[in-house]
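Subject: A structure for you to explore

Hi there,

Here is the structure I promised to pass on. Have a look at it first, and then read on for what I found in it.

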Amino acid sequence: MYVGTLSFDLLLGDVRSLKQKRSVVRPLVAELHRTFAVSVSEVGGQDLLRRATVGLAVVSGDVGRVTDVLDRCERLVAARPELELLSARRRLYGEDDE
């Protein structure tokens, strides 16, 4: 079993309220979940207007599948015009990891 995690540090566009921020972050989270069947949530920066941290995880028996899903998720987020991907941090955990 392999578990891959990915966290995105995002800079949001012209956001002036937490309500506007939710209108950008929630559709992104929903699309990642729906398209790639990953567990995903906003995990940081909830009180900041123009910043968000979104984290996701995927589990598979094949390390290639985990890597492929993480790559596709990162490309989807980077292609969103309403936000800027500042950084993406990924980790891969295998059966041999403690």
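Predicted model: local features only at pLDDT ≥ 70, side-chain atom pairs only at ≥ 80, totals over all residues.

Leaving aside its neighbours within four places in sequence, which residues is Leu76 in contact with?

Leu76 sits in helix H2. With a relative accessibility of 16%, Leu76 counts as buried, because the cut-off for buried is under 20%. Once its neighbours within four places in sequence are left aside, Leu76 is in contact with Leu28, Glu31, Leu32 and Phe36. Take Glu31 as an example: Leu76 and Glu31 are 45 residues apart in sequence, and their C-alpha atoms are 9.3 Å apart in space.

**The two helices together**

H1 and H2 pack at an angle of about 145°, and their axes are 11 Å apart. On the H1 side the contact is made by Leu28, Glu31, Leu32 and Phe36, and on the H2 side by Val69, Arg72, Cys73, Leu76 and Val77. The crossing in which H1 passes H2 is right-handed.

**Helix H2**

Helix H2 covers residues 63-78. Its 16 residues, at 1.5 Å a residue, should span 22 Å, and the end C-alpha atoms are 23 Å apart, which agrees. Val66, Val69, Leu70, Cys73, Leu76 and Val77 are the buried residues of H2. Looking down the axis of H2, you will see these buried residues within an arc of 125°, so they line one face of the helix. What do the buried residues of H2 pack against? Their partners are strand S1 (2-12), helix H1 (18-36), strand S3 (51-60) and strand S4 (83-93).

**Helix H1**

The buried residues of H1 are Lys21, Val24, Val25, Leu28, Val29, Leu32 and Phe36. They cover an arc of only 120° around the axis, which puts them on the same side of H1. The buried residues of H1 pack against S1, strand S2 (39-44), S3, H2 and S4.

Pro27 is also placed in helix H1. Pro27 has a relative accessibility of 38%, so it counts as partly exposed. Apart from neighbours within four places in sequence, it is in contact with Arg80. Pro27 and Ser60 are 33 residues apart in sequence and 25 Å apart in space, C-alpha to C-alpha.

After H1 comes Ala37, which lies in the loop between H1 and S2. Ala37 has a positive phi of about 55° although it is not a glycine. At 65% relative accessibility, Ala37 counts as exposed.

**The nonpolar core**

Which residues of the largest nonpolar core touch the most other members? The core has 24 residues, and the ones in question are Leu10, Leu32, Val38, Leu56, Cys73 and Val77. S1, H1, S3 and H2 are the elements that give two or more residues to this core. As a general point, in soluble globular proteins nonpolar side chains tend to be buried together.

Setting aside neighbours within four places in sequence, its contacts include Leu28, Val54, Val77 and Leu85.

Ser7 is placed in strand S1. Is Ser7 buried or exposed? Ser7 is buried, with a relative accessible area of 16%. Not counting residues up to four places away in sequence, Ser7 touches Val54, Gly55, Ser87, Ala88 and Arg89.

Finally, Gly94 lies in the segment after S4. Gly94 counts as partly exposed, at 21% relative accessibility. Leaving aside neighbours within four places in sequence, Gly94 is in contact with Met1 and Tyr2. The C-alpha atoms of Gly94 and Thr35 are separated by 24 Å, and the two residues are 59 residues apart along the chain.

Enjoy exploring, and write back with any questions!

Best wishes

Methods:
Residues numbered from 1 in each chain as written. Heavy atoms only, no water. Helix = DSSP H or I, 4+ residues; strand = E, 2+ residues; numbered from the N terminus. Expected span 1.5 Å × (residues − 1). Buried < 20%, exposed > 50% of the residue type's maximum accessible area, 1.4 Å probe, protein only. Arc of directions from axis to C-beta. Contact = heavy atoms within 4.5 Å. Core = buried A, V, L, I, M, F, W, Y, C linked by side-chain atoms within 4.5 Å. Axes fitted to C-alpha atoms, helices over the stretch in contact; angles between N-to-C directions. Left-handed = near helix turned anticlockwise from the far one by under 90°.
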